[in-house]
Amino acid sequence: NSISGIATFYTVPHLPPHTDYIFAIFALFNEGFLFANHVNGRSMLDVKLHLLLVVSIFACFIATVIEFLVEKSDVRPAIFRSVCYLWQGTWFYQIALILYPPLGFPTWEQDDHENVILSTFMFMGHFAITIIIVIVMAIAVYHKERKKQPPKYQAIAENGPVTSNTHFSDNEEEELFLNSC
């Protein structure tokens, strides 16, 4: 997938369009298949953790397919894909910390039903926190980009329309707009 991404970025000649999406879809299918069949003979907690990982991989697969199929000017599928990939990545770390805790941390009881239920709550907690992180980042980017763009409406002054050479700050624009109403 990374080789096709680099080739797409540097516009390698005679490369079919959207090759990066196609390879990402194949890679996610392969990853999901491997982790779904990686659970034989394991403890109840280990099986649950890996199956939850397969759920996040499937979400990444669906998000990548959606982004591949829709028009590229719509940013929502890309944001959804970002959420899914971040969710999968944080869950990988969580699995590592549960199955192989660092020195000094307590080990999880592998066949305890409460630990299995707790891991499911943690999985959905990762999803919620990931969504919050992406929303905060989107709001920050929106406000930063909004300051760069000129206003979409033309301010109306008392003497008629303002020429395009006149620039106002955000507060002056709001006052002119409110006064014209």
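I began with Y21, which counts as buried because its relative accessibility is 14%; buried means under 20% relative accessible area, exposed over 50%, and partly exposed in between, with a 1.4 Å probe and protein chains only. I note that this is a predicted model, in which local features need pLDDT of at least 70 and side-chain atom pairs count only at pLDDT 80 or more, while totals for chains, interfaces and linings use all residues. Residues are numbered from 1 along each chain as its sequence is written, and side-chain values use heavy atoms, with hydrogens and water left out.

Next I looked up the charge beside this ring, and found that the charged end of K72 sits over the ring of Y21, 4.9 Å from its centre (NZ of Lys or CZ of Arg within 6 Å of the ring centre and within 35 degrees of the ring normal).

I then turned to ring pairs, where rings of Phe, Tyr and Trp (its six-membered ring) pair if their centres lie within 6.5 Å, and planes under 30 degrees apart count as stacked, over 60 as edge-to-face and the rest as tilted. I counted seven aromatic pairs by this rule. Y21 and F68 form a tilted pair, 6.1 Å centre to centre with 50° between the planes. F68 counts as partly exposed, because its relative accessibility is 26%.

W87 and F127 also form a tilted pair, with 4.4 Å between centres and 45° between planes. W87, at 5% relative accessibility, counts as buried, whereas F127, at 23%, counts as partly exposed.
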